[in-house]
Amino acid sequence: MATDDPPQRPDTAPRRGRLTLALLALAGLSALVLGVLVEGTRQRVIGNEAAQVGRTLGDLLPEGSYDNEPDADRILVVSPELLGSDQPLPVYRARSGGEPTAAVITAVARQGYVGPIRLLVALSKDGRVIAVRVVDHRETPGLGDRIDAAKSSWTRIFSGRSLDDPDPSRWSVVREGGAFDQISGATVTSRAVVTAVRDAALYFQQHRAEIFDRPPE
Amino acid sequence: LNEASARKSERRVTDNPDLPLVLGICPLLGAVVSLLAGLGLGIASFAVVVAGSMAVAAMRTLLPDRARVRTALLLAAVVTTAVTVLFEAFLFEAWLALGVALPLVAINAGIVVQLAAVAPEQPPGAAARDAARLGTRILVWLALLGGARELLGQGTVLAGVEDVAGALAGLTLHLTPGERGFNLALAPAGGFFLLGLFVGARNWRAMRLGAAPNVR
């Protein structure tokens, strides 16, 4: 890089030793600094994430339909077939006067155009979709990213739908004979989301009692 | 490399003051799709190059010359990680939007060259001043690119500002109704097209003023 570097001399043991030592010390110091920083901000980050989840749940669930704190009334479930991940995913419960009113299921659409799409699907206790929100995705800007509520209102097409309306076999995009409009130019993304919402509804149908009865963790 | 060809390839870089800058911006192009994203990544880049340069300058007498490049890479990674953690803790909304792209600041060629070749030659104060100058240029380029892509792609300027600071809500300009814009501007390829046009415009101006083009 710099023009005034001394001409290359052959490596001798003491010079190599000093270089190794200096880099080791620097790496150790760096690890220490980063460790302290991560530890020092951990509580703040956890608070940020919890506040974010609370805000999103507040957006998804109708006001006045619950009197508990759904972000705290949470269980973890695993269902690779229906929820798209072999990792435990949170399910949040909404209750009014102790009676279950709705559940918000976390689901992963594995067949996104770019990568997995993480969704929150709010379902009322009778299995009707209240609202769907995409919480994490890497779909194409301007096309697939219209699954994001901040970019377009497309996810509203699920509101009020259930496994009886339409029948599970018609839970696909119009282009494939289904009942849901795809985002033009983003059929793959749309299909992935429609399928993931249907599977989340199926999961809810099959595990309803467990979802509401398990103690929070 | 023999002496002559080494000097020649070195000149190819040093005679192109904007080349490391432009190369350094490239990894970030995928994420710089709005004025706010450009400002966020620009501020992060500024912080990384200034803090990293001061650290390198402070340690310049302790470290062997041959450790310069390795030190620069290590410090760029460390400071970038620190900035990412700080974003996650104190600018959470910005981190949600930029989280994936922030670590890429560490491989900004302009920043690495600054840490490896410029900062080790200077006392910390001068290194910080030099780094701030580079950081400002990166910030301006990213903000211009992000702003242009936002304007072309979705017809707004400064969209989403209310998520970062509620008091600034209403500063957003909506220039086109509806939700469709010029999609190419938002795609990564569109970022490279625009960057190319920017470089072309700068070179055209430089040549009209009788100077050599900034980037060849």
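A search of the whole predicted model finds 13 salt bridges over all chains, a salt bridge being a side-chain nitrogen of Lys or Arg within 4 Å of a carboxyl oxygen of Asp or Glu. One such pair crosses between chains, from B:Glu93 in helix α5 of chain B to A:Arg55 in helix α1 of chain A. Helices (H or I, at least four residues) and strands (E, at least two) are DSSP runs, numbered from the N terminus.

This is a predicted model, in which local features need pLDDT of at least 70 and side-chain atom pairs count only at pLDDT 80 or more, while totals for chains, interfaces and linings use all residues. Residues are numbered from 1 along each chain as its sequence is written, chains are lettered from A and ligands numbered from 1 in the order in which they are written, and side-chain values use heavy atoms, with hydrogens and water left out.

**Salt bridges**

- In the pair between B:Glu93 and A:Arg55, the closest N and O atoms are 3.2 Å apart.
- B:Glu93 has a relative accessible area of 27% and is therefore partly exposed; buried means under 20% relative accessible area, exposed over 50%, and partly exposed in between (1.4 Å probe, protein chains only).
- A:Arg55 is also partly exposed, at 43% relative accessible area.
- Within chain A, A:Arg214 and A:Glu210 form a salt bridge whose closest N and O atoms are 2.8 Å apart.
- A:Arg214 is partly exposed at 25% relative accessibility, and A:Glu210 is partly exposed at 32%.
- Within chain B, B:Asp130 pairs with B:Arg133 in a salt bridge, with 3.2 Å between the closest N and O atoms.
- Both B:Asp130 and B:Arg133 belong to helix α7 of chain B and stand 3 residues apart, about one turn of the helix.
- An α-helix has 3.6 residues a turn, so residues three or four places apart point the same way.
- B:Asp130 is partly exposed, with a relative accessible area of 22%, whereas B:Arg133 is exposed, at 53%.
- A network of salt bridges links A:Asp73, A:Arg93 and A:Arg95.

**Interface of chain B and chain A**

- Contact (heavy atoms within 4.5 Å) joins 31 residues of chain B to 31 residues of chain A.
- About 2900 Å² is buried between the two chains, and carbon and sulfur atoms give 65% of this area.
- Buried area is the accessible area (1.4 Å probe) that two parts lose on being put together, summed over both.
- The count between chain B and chain A is 1 salt bridge.
- The rule finds 4 residue pairs in polar contact across this interface, both residues being at pLDDT 80 or more.
- A polar contact is a pair of N or O atoms within 3.5 Å; within protein, one must be able to donate a hydrogen and the other to accept it, and residues adjacent in sequence count only if both atoms are side-chain atoms.
- On the side of chain B that touches chain A, at least two residues each come from α1 (3-14), α4 (68-90) and α5 (92-98) of chain B.
- α4(B) gives the largest share of that side, 13 residues.
- By class, that side of chain B has 17 nonpolar, 4 polar and 10 charged residues.
- In this classification Ala, Val, Leu, Ile, Met, Phe, Trp, Tyr, Cys and Pro count as nonpolar, Asp, Glu, Lys and Arg as charged, and the others, Gly among them, as polar.

**Chain B overall**

- Chain B has 9 helices and 2 strands, in the order α-α-α-α-α-α-α-β-α-β-α from the N terminus on.
- Of the 216 residues in chain B, 45% are buried.
- Among contacts in chain B between residues at least 6 apart in sequence, 73% join residues at least 24 apart.

**Helix α6 of chain B**

- Helix α6 (residues 109-118) of chain B is largely enclosed by the rest of the structure, because 7 of its 10 residues are buried.
- The buried residues are B:Gly110, B:Ile111, B:Val112, B:Gln114, B:Leu115, B:Ala116 and B:Ala117.
- They pack against α2 (19-25), α3 (35-58), α4 and α7 (124-154) of chain B.
- The N-terminal end of α6(B) is capped by B:Asn108, with a side-chain oxygen 2.9 Å from the backbone nitrogen of B:Gly110.

**A:Thr56**

- A:Thr56 sits in helix α1 (residues 13-60) of chain A and counts as buried at 9% relative accessibility.
- Not counting residues up to four places away in sequence, A:Thr56 touches A:Leu120, A:Arg133 and A:Val135.
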